Amino acid sequence: MSIIATGILFVCFLFVGILLCIELGKRLGKARFSKEGESATTGISAIEGAVFGLLGLTLAFLFSGALSRFDDRRKIITQECNDIGTAWLRVDLLPVDTQPAMRDLFRGYLDSRIETYRKLPDLDAAKAELQKTAELQSKIWTLAVSSTQGTGASPPPMLLLPALNSMFDTATLRTEASKMHPPIVITAMLAVLSLASSLFAGYDMANRRPWLSLHPMAFALVLSVTVYVIIDLEYPHLGMIQVKDSEEILISLRDSMNAK
């Protein structure tokens with residue numbers, strides 16, 4: 001099962017769990033009110049406030065973090081494009097007879113980088129493409145080193161090799177950035193707080209007349225959708241939220257490489 005499918009299943013269970021907890025809270029509240037009357041609510045407002053406050057804080061923390069990581073991933077794509085473009089231009093510094101082979105390797109390398117993320121959510125295919133990328137990195141570096149040996153401190157080794165190093169580092173950075181997510185315990189904490197808040201909300205609704213079934217549904221829907229958006233932001237290549245607009249610059253760079 002894919003990550004997003006698991007996330008959707010989690011959100012569906014959360015939606016149902018919220019409704020069940022609200023209903024359970026109402027029944028507990030009715031039973032308590034029938035025995036104790038208005039005094040049944042004494043002393044629970046502070047607990048409710050703490051739980052709802054912590055739920056809001058957790059949602060804000062997760063949403064802000066997910067959005068920040070989403071923006072970082074887009075910036076890394078731009079950085080990778082710039083690094084590949086810089087290294088591509090510096091291929092001109094190599095001996096003329098070496099340039100065609102190096103440019104062919106660059107085209108294959110950029111094709112591999114584009115295909116790696118295009119093949120998602122097929123994780124196995126993406127991993128196989130990452131392996132191909134690593135092999136092309138090795139070939140590019142080997143050819144660059146062999147082409148610049150014996151040139152001393154002339155421009156080719158001084159400019160091309162550092163550019164290649166930056167290009168490879170950014171690829172690694174992008175791969176690792178795609179794996180950065182909040183610990184699973186925080187997601188579990190969010191689920192527990194959501195259910196606890198629903199229980200308190202149902203308990204509080206038990207003594208209020210009239211109440212509408214729309215309110216529990218709206219509460220469950222809004223909370224569940226918010227959690228889904230957070231999950232979707234965390235995995236921008238797997239769900240509805242994508243970074244394809246940022247990746248267009250890599251495709252544009254690849255098209256420009258056909259000119260040489």
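Tutor: The search finds one cavity of 30 Å³ or more. A cavity is, on a 1 Å grid over the protein atoms alone, a set of points where a 1.4 Å probe fits but cannot get out, and lining residues have an atom within 4 Å of a point. Grid points are joined across faces, edges and corners, and a volume is the space filled by probe spheres set on the points. In general, rolling a probe the size of a water molecule over the atoms shows where empty space is left. This is a predicted model, in which local features need pLDDT of at least 70, side-chain atom pairs count only at pLDDT 80 or more, and totals for chains, interfaces and linings use all residues. Residues are numbered from 1 along each chain as its sequence is written, and side-chain values use heavy atoms, with hydrogens and water left out.

The largest cavity has a volume of about 70 Å³. Its lining consists of R73, I76, I77, Y117, R174, A177, S178, H237 and V243. Helices α2 and α5 (155-177) each supply at least two residues of this lining, and the largest share, three residues, comes from α2. Here helices (H or I, at least four residues) are DSSP runs, numbered from the N terminus.

Two of the lining residues, Y117 and R174, also meet each other. The charged end of R174 sits over the ring of Y117, 3.7 Å from its centre; the rule asks that NZ of Lys or CZ of Arg be within 6 Å of the ring centre and within 35 degrees of the ring normal. Elsewhere, R103 lies over the face of W88, at 4.6 Å from the ring centre.

Salt bridges come next. The whole structure holds 13 of them, each being a side-chain nitrogen of Lys or Arg within 4 Å of a carboxyl oxygen of Asp or Glu. In helix α3 (residues 99-118), D104 and R107 are three residues apart and are therefore separated by about one helical turn; their closest N and O atoms are 2.9 Å apart. R107 is buried, with a relative accessible area of 12%, where buried means under 20%, exposed over 50% and partly exposed in between (1.4 Å probe, protein chains only). R118 and E115 form another salt bridge, with the closest N and O atoms 3.0 Å apart. E115 counts as partly exposed, because its relative accessibility is 26%.

E234 is buried, at a relative accessible area of 5%.

Finally, there is the open space. A pocket is an open set of grid points with protein on both sides within 12 Å along at least five of seven lines. The largest pocket has a volume of about 410 Å³. It is lined by 18 residues, of which L120, L123, T175, S178 and K179 lie nearest its centre. S178 also belongs to the lining of the largest cavity. Helices α3 and α4 (123-148) each give at least two residues to the pocket lining, and α4 gives the most, with four residues.
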